[in-house]
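This report describes the fold, the helix packing and selected residues of the protein shown below.

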Amino acid sequence: YEIADNKDLYDIVADLFGKPLSPIELQKMSDLINKYSEKKFIEALRKAEAQRKLTMNYIAAILNNEEK
């Protein structure tokens, strides 16, 4: 995803999820980015979108599996 100046990654994820992110989702997203990097989070987000499984837990699972 290209991050436009007027749209940050949190807004993009909320748009893809089709709803505002909950405080828990925001915290999990922040934790995942801090642990893995924004680039890897975006790659996992793309994979989750391709599978039509857009949840923060699914994205976390992708990142955890790729780390192994």
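## A loop position and the basis of the model

Glycine 18 is placed in the loop between α1 and α2, where helices (H or I, at least four residues) and strands (E, at least two) are DSSP runs numbered from the N terminus. With a relative accessibility of 63%, glycine 18 counts as exposed; buried means under 20% relative accessible area, exposed over 50%, and partly exposed in between (1.4 Å probe, protein chains only). A separation of 9.5 Å is found between the C-alpha atoms of glycine 18 and leucine 54, which lie 36 residues apart along the chain.

The model is predicted: local features need pLDDT of at least 70, side-chain atom pairs count only at pLDDT 80 or more, and totals for chains, interfaces and linings use all residues. Residues are numbered from 1 along each chain as its sequence is written, and side-chain values use heavy atoms, with hydrogens and water left out.

## Overall architecture

The protein comprises 4 helices and 0 strands, and its pattern along the sequence is α-α-α-α. Of its 68 residues, 31% count as buried.

Contact means heavy atoms within 4.5 Å. Among contacts between residues at least 6 apart in sequence, 46% join residues at least 24 apart.

## Packing of α2 with α4

Two packed helices are described by the angle between their axes and the distance between the axes. Axes are lines fitted to C-alpha atoms, for helices over the stretch in contact, and angles run from 0 to 180 degrees between N-to-C directions. Helix α2 (residues 23-36) and helix α4 (residues 56-67) have axes that come within 10 Å and cross at roughly 15°. The two helices α2 and α4 are therefore roughly parallel to each other; angles under 35 degrees count as roughly parallel, over 145 as roughly antiparallel, 65 to 115 as roughly perpendicular and the rest as oblique. The crossing of α2 and α4 is left-handed, a term for a near helix turned anticlockwise from the far one by less than a right angle, with right-handed used if clockwise.

From α2, the contact involves Glu25, Lys28, Met29, Leu32, Lys35 and Tyr36, and from α4 it involves Met56, Asn57, Ile59, Ala60, Leu63, Asn64 and Glu67. By class, the residues of the contact of α2 with α4 are 7 nonpolar, 2 polar and 4 charged. Here Ala, Val, Leu, Ile, Met, Phe, Trp, Tyr, Cys and Pro count as nonpolar, Asp, Glu, Lys and Arg as charged, and the others, Gly among them, as polar.

Lysine 35 lies in helix α2 and, at 55% relative accessibility, counts as exposed. Leaving aside its neighbours within four places in sequence, lysine 35 is in contact with Asn64 and Glu67. Its C-alpha atom is separated by 9.6 Å from that of leucine 63, 28 residues apart along the chain.

## Packing against α3

Helix α2 also packs with helix α3 (residues 38-50), at an angle of about 120° and with the axes 7 Å apart. Helices α2 and α3 are therefore oblique to each other. Met29, Leu32, Ile33 and Tyr36 of α2 meet Glu38, Lys40 and Phe41 of α3 in this contact, and the classes are 5 nonpolar, no polar and 2 charged residues. Isoleucine 33, in helix α2, counts as buried at 15% relative accessibility. Not counting residues up to four places away in sequence, isoleucine 33 touches Leu9, Tyr10, Glu38 and Phe41.

Helix α1 (residues 9-17) packs with α3 at an angle of about 10°, the axes being 12 Å apart. This angle makes α1 roughly parallel to α3. The contact joins Leu9, Val13, Leu16 and Phe17 of α1 to Glu38, Phe41, Ile42, Leu45 and Glu49 of α3; these residues divide into 7 nonpolar, no polar and 2 charged.

## Positive phi in the loops

Most residues other than glycine have a negative phi. Serine 37, in the loop between α2 and α3, has a positive phi of about 110° although it is not a glycine. At 28% relative accessibility, serine 37 counts as partly exposed.

Arginine 52 lies in the loop between α3 and α4. Its phi is near 60°, a positive value in a residue other than glycine. Arginine 52 is exposed, with a relative accessible area of 77%.
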